[in-house]
Structure formats: structure tokens, C-alpha cells
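Please read them beside the sequence and the coordinates.

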Amino acid sequence: MRDCPSFGSYKIFVGVDRFNLPVVSAGWRWQAGCVCREGGGPVAAAGRGAGRACGGQRGLRITARTRDNALAACPGCGQTSDWVHSRYVRHVADETVGGRAVVIDLSVRRLYCENAGCENFTFVEQVPGLTRRYQRRTPALQKVVDAVAVALAGSAGARLLSVLHHALTWASVLNCLMRITLPDRPTPRVLGIDEFALRRGHHYATILIDAATGERIDVLPDRKTQTVTAWLKAHAGIEVVCRDGAGGFAQATTAADATIVQAGDRWHLWHGLGEAVLKEVGAHSACWAKAGPPLREGRRAATTRERWRQVHGLLETGAGLLEWARRLGLSLNSVKRYARHSEPGHLVRAPQYRPTLVDPYRDHLRRRREEEPGVPVTHLLHEIKELGHTGSANLLVRYIAQGRVEADHATLSPRRVTRLLITDPAHLREDQRILRDQLTSACPEMTALAGAVRDFATMLTPAPDNAAALTGWIARVRAANLPFVHPYATGLERDRAAVDAALTLPWHNGRTEGVNNKIKLIKRQTYGRAGHPLLRQRILLS
């Protein structure tokens, strides 16, 4: 590239003998050996002579000719030659100028190779920066096409290129994409591995990245243990593998090299604890929901208590789970759920009401009913309508009948209570902290659960003593009456080495999860129809 005094940088074609560009229209003029468009980008050539150019609304056609006395190297052996066999004209498309397509009619020489031992009898000279073998686009235009192909792939890329005045079919765009050479990346010291769905529930692939830099390394066609093991054996030098709790990746890493340190992902550890806490909170909803709307005491609650008594009555006789399920006419999972709880109240769930138009006026209604217990509903409706209420009388009557006015707080779902428990107290408002303390003091189990969550959160910051702290945490959880957290603690013990590495080492699998999210966008751009070769090409080049 060279600089034009008036228009900045412009193309320079080395080795071009005659470059024909007289004035095409009033918008074009000569300047210092280059042709510049008023208000647009310049096109220039180094060489001598003058000729012609044709311009119109659809495009610009440039005529050029290579030098006669220049030496050219044979692509087969590298021997230079100026022995001319013949000439022919190549039609090379270039980047647009002033919003118009550019085609260069370039006359090039076919030369004899003067090396008798070369397999090429003749060859065609190439102009650096302008032509390539078997290409009808300049390197600059090919770079634009490749960038569009990587970003948009087939049909979408072809539509964008048509706006840029380059007509290509979707198949040509895909061919350009598949011809791009993938960069040769070194084997990372810390490898991040995860799976993603090609078709959810049926076909999965595996993404491998450098966990330290986030650079994509490879995409495997499946998630089989044999495939991952073969890849790890072929790439020596990996010291740490960051993964989630998938047992297949753990088995593959151990089979490939037992000395590789396997580190779990801290986000997955915290997410797994959150799922266990949600189940435990739901089991104790009868405790923390006392300050809210009253529990529903209907036929469903009575049936639940009766089934609990039947299951625990059979439990005392020593019968097996299958026998219980057969006698009671229940599924095996239902029998396990009843047997897991020590009290029937743990099976009763707190009522979950949707937000209504009356919620903003609950404090006003509560204050008025405390001041005047027998106040008519019509008076209350008139008062809140003056405050801006737009709902009906039936909505207010149902709201009062459900006991939502006298409750200390609005109706809460187990998921919202769980969110209050697992959120950093520093990120909660004052009223949320008060509500959280009120909920955790509802029963000893909720207090123990809040303490377990708080202690585990302190271990998410990597530190050398977290491994010993985790041992004490598991012992305390198993000693507490938290049946839904016990399986989570057992899972930590089963994968203890990877959990200890996650809590003591700085590595994590967050970058791999981020790449997975970007893969979802790439998949949807092709409507999920891209095969593994095409998908791998786009993932590694994106």
C-alpha cells in the first residue's frame, strides 16, 4: 500500500506494465500516477503507459498488462524465467470503488520453465497483491468474502455480499469458507472441555479450548470416551483439564494420562448446591410459609398426610420399596418421596399465588382492617380505587379470602426463598435481609441450611485450605437433618479430587461455557442443519 496526498492509502500493483485508466466520468481525475474518485476511494498502479477504462452505473472495468521483461518464478521448482510462451487475459474481481463493482482485465504471460527437470512445462506469472493461482478474485476481495463466510455462512453471507456488489451463490460462499486454512494452535497447558448438543437428546459434540486464553483448540464429532481419550493421547503436554461433573470426560482423562489434574467447575458446584437447596426449601415450606398466606387445608393435603402414614406404617414392618408401591398402588418414586420425609408437614407445599392488581395496596388494606375489622369490602374497594386501583371487586374479595392481606409478607415461592438464601447478603436490600433472616429462623433445619450455604460460599474463592474446609462442611451437612442436601454431599465425595482442585486452583471452565453460548448462535444461523465439518470450521475461525 502507498499513500495518496489527497485520499490516503491506495492499491499498488507491482509488475504491471500498462494500467489503462483515463477519466471515466466527471467524478474521476488523474493525480500523481493514480486515478482518484472525487469523494471516494482511489485506485492506482505503478508502471508506465496509458490506456483506457470503462465505467458505468453497474461497475468499473480496468484494463492492465504485465511487464514484458520481468522475471517470474515457476511455482513448481522456483526457477525464474522470462521466456514467453503466450499471453491471455484474466478477469479478476476487486473490491468496490465508490459503490461500484470493479473488474480488472489483466493481460498476463504464460512462460516456459527453463528447468528441464521440472514437471511444469509452462506456467502463468502471478502479480503479487493482485492475482493468485486458480482465483478470479483479488486477495483483498477474497479476504472480504472469507470474513463474510465465517460470520454468516451460506445464504445470509450471499445476501450480504450482493449488497456489497459481489454476486456469489450460497454454495460458493460455503466453498470459500471450507477452503480457509485453520490456524495451527499449540497444545494448551490447561484444557477446557465441554459438550454441546447438535440435536438435543440425540447427538452431541465436544468443544476443546485453552482455558487460560479462551482460544478454541478443536471440535470433536461426538462425546464418546474413546474419542476424547484418543485426542488427549495425541496431544501430549496437557497438565490440567477443566471440566464439569460429566463422568465420561473424567474417565477419558484418566484413561489418557492419570497424571493430568482434573479440576471441576465452581459454577457447576454452586449450581448443584442451589438445586439441592431448592428441594430442601420446598420440603420446609410449611415452616417458613407461616408468616405468609395460610396453607391450604383441603382434600389434597389430607390425602398427602394419609399416604405418608401408610408408607411409614409399612416401613416399620420392614417391607421393601417395591412391595410398598405394589400395595399402595403408587409409583416407586412417589413411595421414595414419602419415605424420605420424617414428618407429613414437609410434604405440604406453600400456596403460590400470582401477582395481582391488589398487591400494591396490601399495606393499606392491612392497616384499614386492623383499625376497623368489620369494614365492608365495598368501602375498601372504593378507597383503593381512589389510590389508582383498576381491578374488579371479585379480585379484591378473592385476595382477602386467601388471607393475603393479613400475611406478614407477600406470597413467596420456594424458588424465590432459595434465591434469597444463595444471594450474597451484601447484594440484598435491607428489607430483603430482614425477610431472609425471618425465613431462616422459621425452623432449625432452615437455620442449618442457611449456615451450610454461607459456609460453602466462602470456599468458592480458591485457597489452599479449602480442601480441609470442605471435609468439615460435608461432615456438618451429613449430621444435620437435610435429606435433600445429603445426596449432593455424596456426589462431592465421589468426585473429591476434581472438587478439591476446583476449590484450590485458579482454573475454571467459565470460558468453555461462554464458547458454548456462542456455538448456539452459530448453530441457529444455519437452522441446525450444519454438519460437523462446517460447524467445526466456523467455530474454530470465529
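**Notes on the predicted model**

1. Strand β17 (residues 240–242) and β18 pair in the parallel sense, joined by three bridges, and within this pairing valine 240 stands opposite valine 261 of β18. Residues are numbered from 1 along each chain as its sequence is written, and side-chain values use heavy atoms, with hydrogens and water left out.

2. The sheet to which these strands belong is open and has five strands in the order β16-β15-β14-β17-β18, with mixed pairing. Its edge strands, each pairing on one side only, are β16 (216–220) and β18 (261–263). On average, neighbouring strands of this sheet are turned by 25° against each other, direction ignored. Helix α20 (residues 510–525) packs on the sheet and touches β14 (190–199), β15 (203–210) and β16, its direction making about 30° with that of β14. Here the axes are lines fitted to C-alpha atoms, for helices over the stretch in contact, and angles run from 0 to 180 degrees between N-to-C directions; contact means heavy atoms within 4.5 Å.

3. Buried means under 20% relative accessible area, exposed means over 50%, and partly exposed lies in between, with a 1.4 Å probe and protein chains only. Strand β8 (residues 59–66) runs parallel to β12 and is joined to it by seven bridges, with isoleucine 62 opposite isoleucine 104 of β12. Strand β11 (residues 84–97) pairs with β12 in the antiparallel sense over eleven bridges, and arginine 100 in β12 is the bridge partner of valine 97. The hairpin of β11 and β12 has two residues between the strands, and in it glycine 98 takes a positive phi near 60°. Strand β13 (residues 122–124) is also antiparallel to β12, over three bridges, and phenylalanine 123 in β13 is the bridge partner of leucine 111.

4. Which residues of helix α14 (residues 414–422) are buried? They are Pro414, Val417, Thr418, Leu420 and Leu421. Seen down the axis of α14, these buried residues fall within an arc of 160°, so they line one face of the helix; the arc is that of the directions from the helix axis to the C-beta atoms. Among the elements that cover the buried residues of α14 are α6 (266–283), α7 (285–288), α15 (430–440) and α16 (444–458).

5. On the cysteines, a search of the whole structure finds zero disulfides, a disulfide being a pair of cysteine sulfur atoms within 2.5 Å. Cysteine 176 counts as buried at 2% relative accessibility, and cysteine 242 counts as buried at 0%.

6. Arginine 337 has its place in helix α10 (residues 332–340) and is partly exposed, with a relative accessible area of 35%. Arginine 337 and valine 311 are 26 residues apart in sequence and 9.9 Å apart in space, C-alpha to C-alpha.

7. For the chain as a whole, the secondary structure comes to 21 helices and 18 strands, and buried residues make up 43% of the 542 residues. Of the contacts in the chain with a separation of 6 or more, 62% are between residues 24 or more positions apart. The chain exposes about 28600 Å², of which carbon and sulfur atoms supply 52%; these areas come from the Shrake-Rupley method with a 1.4 Å probe, and for residues only the protein chains shown count as cover.

Technical notes:
Predicted model: local features only at pLDDT ≥ 70, side-chain atom pairs only at ≥ 80, totals over all residues. Pairing = 2+ DSSP bridges. Helix = DSSP H or I, 4+ residues; strand = E, 2+ residues; numbered from the N terminus.
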